[in-house]
Amino acid sequence: MENITKKLNITDVERRLLLPENCLEDLRSDLEANLKFKDEEGRVWTFRCRASPGGRSKPALYGDWFSFVREKGLVVGDVIVIISDKEKNISAGGCFKIKIKKPASKQQ
């Protein structure tokens with residue numbers, strides 16, 4: 001998986017985080033999986049990932065994703081960066097890293 005940068009939309013903050021197609025090709029054998037994400041404070045979050053058979057739709061993260069959104073105060077327009085640790089085997093319990101970028105507030 002390459003690093004993913006995504007600007008959050010209404011679906012991402014209210015329903016589920018949709019990821020780009022084919023970004024989790026190594027999970028195709030398991031259409032649902034629990035994935036671990038380490039935030040910038042070192043806390044590990046477990047998000048449920050669901051992908052449809054055939055890889056034609058975008059994988060979606062849900063479950064603890066909603067707790068993450070609330071705790072981090074994420075809103076539409078915020079940006080998240082998901083970083084894959086190529087040194088760790090994700091399917092064997094390794095973590096992705098997740099970073100948040102808040103847009104600069106407008107100066108008046």
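A residue is termed buried if its relative accessible area is under 20%, exposed if over 50% and partly exposed in between (1.4 Å probe, protein chains only). The structure is a predicted model, in which local features need pLDDT of at least 70 and side-chain atom pairs count only at pLDDT 80 or more, while totals for chains, interfaces and linings use all residues. Residues are numbered from 1 along each chain as its sequence is written, and side-chain values use heavy atoms, with hydrogens and water left out.

Both W45 and F68 are buried, as are F37 and F96. Rings of Phe, Tyr and Trp (its six-membered ring) are paired if their centres lie within 6.5 Å; planes under 30 degrees apart count as stacked, over 60 as edge-to-face and the rest as tilted. Six aromatic pairs are found in the whole structure. One of these, formed by F37 and F96, is stacked, at 5.0 Å centre to centre and 20 degrees between the planes. Because F37 lies in strand β3 (residues 32-38) and F96 in strand β7 (residues 95-101), the pair ties together parts 59 residues apart in sequence. Helices (H or I, at least four residues) and strands (E, at least two) are DSSP runs, numbered from the N terminus.

The rings of W45 and F68 have centres 5.1 Å apart and planes at 85 degrees, so this pair is edge-to-face. W45 belongs to strand β4 (residues 44-50) and F68 to helix α2 (residues 65-72), 23 residues apart. Ring pairs join F37, W45, F47, W65, F68 and F96 into a cluster.

Strands pair if DSSP finds at least two bridges between them. β3 and β7 pair in the parallel sense over three bridges, with F37 opposite F96.
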